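Biologist: I am new to this structure and would like to go through it by question and answer. Please show it first.

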Amino acid sequence: MNVFTEVYEKSIDLLKAPSFKDDWKTLEAGLKSLLQADGPDATKAGALSDLRTTLGKVSKGKGAASSLAADAILDASKEGSPSFQERAALLKTMSHFYLVQRKGNQSVWVVDNPKEFSKWSYDLMSGKSSAEVKGILQKTEEVFGVQNRKMMSDSLQLARKWSGDVLVKLGAADAKTQDVVRRWFHEDGATDAEVKATIATLLDGFKKITSVCNSTGVIFSDRPHLRTSGKYDNTYASVNAGDVMPVIYIFQVFLQTGRRNVFGQIPKLWLCALTVIHELSHKMVRTEDVRYDDDGLKPSPSFPRSDAIKNADSWSYCAADLVGALSKGTIQRVLV
């Protein structure tokens, strides 16, 4: 499996017909109600808490890492019967799926896989023996943790505010807004008409970004096979066209002080909000990574408007600039 959508759809398929032991039928029904085709139903998120509570109880206070909790999942999955590994993987996946915030119609979810997972649960358990599956089930230390899950939610809320404010500014398109857009997307000498055309493009794109920020279910997720590949050690986050739902994959640099802080004292939460807008511009506007901030984002003959307007970092920094989130020092250092 490559993206969370595949994991999610596999889980829905497994829940179409009752397949767990009878004493798990209530939990099974709860998970089935939770996993809707268009995304998880926040009103049914209690099923996740019920699952974790059940695992906590059967482990007699020793936590979900205990052998007893793993045994409970195996028993519920009808250990030894055909496809028991898939059923165990479903329960394991759901035990690390969280509704972090619900505000109005918006819900923020996080998929927080165990650190030791190098693949999605379904791939890890496929074809494995009972003993091997039990070993996998006992891996419980999560890659993000409670505080980082909250930070992801907070960064989305800030990105939501930024994108809404950006819409207002782009809609008014006053002289100050034109100056900001000019410095991120145009070389010296650009006409007012050219700048206004860029503003129109940005306005259309930020309508889409704002729509996602306000959507009913944004999902932040680990992507275990990429996290452990070593190729994403300098990556903040990513999105993938294979996801139907709005999924943002988070990597370790997002959780730590990253290279963007070379360009000034950018508060961590602001940095994460900037990253969210960067990724949503990929998802909704099909921007690319033509240049990153440390490459220099000043429009020039080598980085013309035609490149800047499709560059994700140009979109995110322009947004942060429009809402006053960047210091003069940061602007000067990035615009080189």
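Biologist: Which residue of β7 is the bridge partner of Phe-220?

Modeller: The model is predicted. Strand β5 (residues 218-221) pairs with β7 in the parallel sense, over 3 bridges. Within β7, the bridge partner of Phe-220 is Ile-248.

Biologist: What is the order of the strands in the open sheet?

Modeller: The open sheet has 5 strands, and their pairing is mixed. β3 and β6 stand at the edges with a single partner strand each, so one side of each has no neighbour in the sheet. The order is β3-β4-β5-β7-β6.

Biologist: Why is the pair of Phe-97 and Trp-109 called stacked?

Modeller: The pair links distant parts of the chain, with Phe-97 in strand β3 (residues 97-103) and Trp-109 in strand β4, 12 residues apart. The ring centres of Phe-97 and Trp-109 are 5.2 Å apart. Planes under 30 degrees apart count as stacked. The planes of Phe-97 and Trp-109 stand at 25 degrees, so the pair is stacked.

Biologist: Are Phe-97 and Trp-109 buried or exposed?

Modeller: Buried means under 20% relative accessible area. Phe-97 and Trp-109 are both buried.

Biologist: Which residues form one aromatic cluster?

Modeller: The structure holds 8 aromatic pairs, and one of them is the stacked pair of Phe-97 and Trp-109. Both residues belong to one aromatic cluster, made up of Phe-4, Tyr-8, Phe-97, Trp-109 and Trp-120.

Biologist: Tyr-232 and Phe-251 form an aromatic pair too. Does Phe-251 count as buried or exposed?

Modeller: The rings of Tyr-232 and Phe-251 are stacked, 5.0 Å centre to centre with 25 degrees between the planes. Tyr-232 is in the loop between α11 (224-227) and β6 (237-238), and Phe-251 is in the loop between β7 (247-250) and α12 (252-255), 19 residues apart. Tyr-232 counts as partly exposed because its relative accessibility is 26%. The relative accessibility of Phe-251 is 3%, so Phe-251 counts as buried.

Biologist: Which residue has its charged end over the ring of Tyr-98?

Modeller: Elsewhere, Arg-223 lies over the face of Tyr-249, at 4.7 Å from the ring centre. Over the ring of Tyr-98, 3.7 Å from its centre, sits the charged end of Arg-149.

Biologist: Which element gives the most to the lining of the largest pocket?

Modeller: The largest pocket holds about 360 Å³ of space. Its lining has 20 residues, and the closest to the centre are Asp-38, Gly-39, Pro-40, Thr-216 and Gly-217. At least two lining residues come from each of α1 (4-14), β2 (39-40) and β4 (106-111). With 4 residues, the element that gives the most is α1.

Biologist: How many residues of the lining of the largest pocket are charged?

Modeller: The lining residues divide into three classes. Of these residues, 8 are nonpolar and 9 are polar, and the number charged is 3.

Biologist: Lys-78 has a positive phi. Where is Lys-78 found?

Modeller: Phi of Lys-78 is near 60 degrees, and the residue is not a glycine. Lys-78 counts as partly exposed because its relative accessibility is 36%. Lys-78 is found in the loop between α4 (67-76) and α5 (84-95).

Biologist: Is Arg-286 buried or exposed?

Modeller: Arg-286 is not a glycine either, and its phi is positive, about 60 degrees. Arg-286 lies in the loop between α13 (268-285) and α14 (305-308). The cut-off for exposed is over 50% relative accessible area. Arg-286 has 59%, so Arg-286 is exposed.

Definitions and conventions
Residues numbered from 1 in each chain as written. Predicted model: local features only at pLDDT ≥ 70, side-chain atom pairs only at ≥ 80, totals over all residues. Heavy atoms only, no water. 1 Å grid on protein atoms, 1.4 Å probe; cavity = no way out; pocket = protein on both sides within 12 Å on 5 of 7 lines; lining within 4 Å. Points joined across faces, edges and corners; volume = space filled by probe spheres on them. Nonpolar A, V, L, I, M, F, W, Y, C, P; charged D, E, K, R; others polar. Phe/Tyr/Trp six-rings, centres within 6.5 Å; stacked < 30°, edge-to-face > 60°. Buried < 20%, exposed > 50% of the residue type's maximum accessible area, 1.4 Å probe, protein only. Lys NZ or Arg CZ within 6 Å of the ring centre and 35° of its normal. Pairing = 2+ DSSP bridges.
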